[in-house]
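Morning, everyone. I have one model to walk through today. Let me put it on the screen.

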Amino acid sequence: MTALLQVRNVGIEFGGVRALQDVSFDVDPGTICGLIGPNGAGKTTLFNAISRVYAVSRGTIHFDNRDITALPADRIIGLGIARTLQNVGLFGALSVTENVLLGAHHRLKPGFINTIFGRGAVVDIAQIEAEARDILRDLGLAGVADHLAGGLPFGTLKRIELARALISLPRLLMLDEPANGLSHGEVDELSDVILRVRRQYKLTVLLVEHHMRMLMRISDRVVVLENGIKIADGTPQDVKADPNVAAAYLGAVT
Amino acid sequence: MSVVVKPRLPVAVRIATAIVVAILFLYVIPFMIPNYLVSQFATVLVFAIAIVGINLVTGYGGAITLGHAAFVALGSYTTAILTVRYGWNPYATIPVAAALSWIAGWCLGFPALRLQGLYLALGTLVLSITVPPVLKRFDAFTGGVQGLNVGNPAPPASVPLDESQWIYFVSLAIAAVLYVVARRILSGPLRRALVAARDNQLVAAVMGVNRARLTTATFAMSSLYAGVAGSLYAMIVGFVSPDTFNVMMSLSLFVGAVVGGITSLSGAFIGAMFIQFVPIWASDIDVSLGGLVFGGALILTLVLIPAGVGGLAERWYLRACARLGWTEAAATETAIEASTRGAQHEAT
C-alpha cells in the first residue's frame, strides 16, 4: 500500500528564514496523522505548502502518486485535499449554507455562460444543496443554516468550516487546530466528530493540534516538528516516550 | 447574529408590484411626460446598464474601475462607424458592440487586474484619459473632433411611436434583459465565488476559486454592459464625439454606482437617475453653483446612506418582509440556541 500523501525533503524559506528544512513523512490512506510541535515549529507552514498557498523551495509533495509540488492553489481541492484554517476562513457576508456550498465550487464549475443560461453544470445544483443540508444537519448546524456566518460563536464556525471541507468530497482532510478555542466538553465532542466523519466519508486526516490529549487519543501516527525540522515520527506511544519531544516541549534536559 | 431573510411575497403582492412597475415604465414614462424627458429617461436606462456593469466588477469583483467610459466609447463608436461608414442597420451593431467590448474587456482585464486596489483605479483612469485623444487622432475613421452623425433610428412604420419613445422602448427591452442576466450571474455559485475572491483571496484559492480568471471574466462581462450602453447611447443622442467619453463620464458612472449602491442592481436605475438629473436640476438652481450642488448631494448621500439608495431600500424591503412574515421558513431563535448549546453548557 503506497502512502496517500508523500512529503519528501520539503524545505521552505522566507527571505533568509528557514521555515521548514528537509521534512519528510508519509500519510497512509485511512489513517489519522497528527502533527505537533511548539509554536513556530512550521506546522501551519507545512499545511500551506501542501495546499500550495506557499511555494516550496526544495523537495516534493506527492498526493495519490501525483506530484502536486508546482500546482496552483486553486487546483488542490479538486484533487481531493480539503483543509480548514487556523483562524477560520469563513465569509461573514455569506450565509452558513452559502459558505458550505463554496466548498463544492470545484464540483459545480460555475462559468458565466453556464450561469446565465442555467445549464451545463457538471453536477446538479439542487443535489449539492441537498448534500449541504444533510452535512449541516449531520454536524448539528441545521439551525444556523440561514444565518450570516459573521457573528456566530467560534465553536460553531469551526464546525461550519468542517462542513465546508466535507462537501468538497475530500480524500485527505487537513484540520488546522480544530480544537483551538473550544471548551473541554466541545473538544471531546470534536474528537468523536472527527472519528465519525473519517469512517463515514472514508477520509485520511492530517491534523495540527496543540490539544495533546485529543491528538494522542485519535491519531494513528504523530509527526513532531521543531524549528522547521522533523524530530520524531511514530505511534502516539513512541512519540510520548521520545526524549527529543519532551525536550522540545519542556526545554532541554541534557 | 443575523438571519438571512429570503423574501417570498404572496402572489397578490407580486402581481400588484409587477403591475405598478409595468405602468410606470410602459405607460407613465413613455406617454405621460414631455417628449424631451422621454429621451432623457432612455439615457437613464443606458446609464443604468453601464452601472450594472460597474456593480458586477466593483461591487462583486472588488476591483475599482474608473475607466468605464472607454468601453462606452468603444460601443458608441462601433455603432457609429458601422452605421455611418458601412451603412449597417443600427440594431445589428448592438451585438457587435457587445462582442467587441467583451473581447476588449478580456484583453485589458488580463493585465489590469494584476494591479491591486488604487493602482487598478489609476490604471483604468489613465485608460479613460487616453480614449478621447486616440479617437481624435484617427479622424479618417472616427470623424476626429467633429465626431460622427449617427442620427436617431426611426421607429418601424407600423409602430405609432415617435423617435424618443421608440428608442426608450428599445433601451428598456435591452436594459430589462441585461438586468435579468446580471441577476442570474449574481445568484448561486458564481456570486459565492465572487464574494470569496473579493473578501479573502487565500481562502478563495483554497476553495478552488481561480481568482485571476474569475475577475477577468467579470471585468469582460462588465465591459460588455458598458459597450451595449455605448451603442444605445449613440442612437439616443444621434451623435458621437470624442469628448463625450472623457474622464468625467467614467467618474460620473462610478458615482452613479455608489449612490445607487455598489452591490445593488436595483439601485443602478436610481444611480443613473442621479447622474442624469441632479446635474441638470443643480444648474437650474444656479448655473455657477451646478457642480457644487451635485457634489453636495453626492457627499450627503455617502454620509447618510453609505450602502447607497438601493442598498438602503433593499434593507427596508427585507425588514418589511421579515415583519410581515413574507419569508421562506426561517430559522427560529430556539434552533440557534440549540446549535450553540454545547458552548453555553460549558460556560455555566
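Start with the interface: 37 residues of chain B are in contact with 42 residues of chain A. Contact here has a cut-off: the C-beta atoms of two residues, placed from the backbone, lie within 7 Å. Two housekeeping points. This is a predicted model, where local features need pLDDT of at least 70, side-chain atom pairs count only at pLDDT 80 or more, and totals for chains, interfaces and linings use all residues. Residues are numbered from 1 along each chain as its sequence is written, with chains lettered from A and ligands numbered from 1 in the order in which they are written.

Which elements of chain B touch chain A? Those that give two or more residues are helices H7 (163–185), H8 (189–199), H9 (201–206), H10 (211–237), H15 (333–339) and H16 (341–347) of chain B. Helices (H or I, at least four residues) and strands (E, at least two) are DSSP runs, numbered from the N terminus. H8(B) gives the most, with seven residues. By class, this side of chain B has 24 nonpolar, nine polar and four charged residues. For the classes, Ala, Val, Leu, Ile, Met, Phe, Trp, Tyr, Cys and Pro count as nonpolar, Asp, Glu, Lys and Arg as charged, and the others, Gly among them, as polar.

Now inside chain A. Domain 1 of chain A puts 11 residues into the contact, and domain 2 of chain A puts in seven. On the domain 1 side, helix H2 (76–79) and helix H8 (184–201) of chain A each give two or more residues.

Six strands of chain A form an open sheet in the order S6-S7-S8-S3-S9-S10, with mixed pairing. Strands pair if DSSP finds at least two bridges between them. S6 (81–83) and S10 of chain A are the edge strands, each pairing on one side only. Neighbouring strands are turned by 15° against each other on average, direction ignored. Axes are lines fitted to C-alpha atoms, for helices over the stretch in contact, and angles run from 0 to 180 degrees between N-to-C directions.

Walk across it. S6(A) runs parallel to S7 (172–176) of chain A, with three bridges. There, A:Ile81 has A:Leu172 as its bridge partner. Helix H1 (43–50) of chain A packs on this sheet, and its direction makes about 145° with that of S7(A). Further along, S3 (32–36) and S9 (221–226) of chain A are parallel, joined by four bridges. S9(A) and S10 (229–234) of chain A are antiparallel, with five. In that pair, A:Val222 stands opposite A:Gly234.

A:Glu177 is in the loop between S7 and H8 of chain A, and its phi is near 50°, positive in a residue other than glycine. Buried or exposed? A:Glu177 is buried, because 21 other C-beta atoms lie within 10 Å. The cut-offs, with C-beta atoms placed from the backbone: buried means 20 or more other C-beta atoms within 10 Å, exposed means 12 or fewer, and partly exposed is in between. A:Asn227 sits in the turn of the S9(A)–S10(A) hairpin, which has two residues between the strands, and has a positive phi of about 50°. A:Asn227 has 15 C-beta neighbours inside 10 Å, so A:Asn227 counts as partly exposed.
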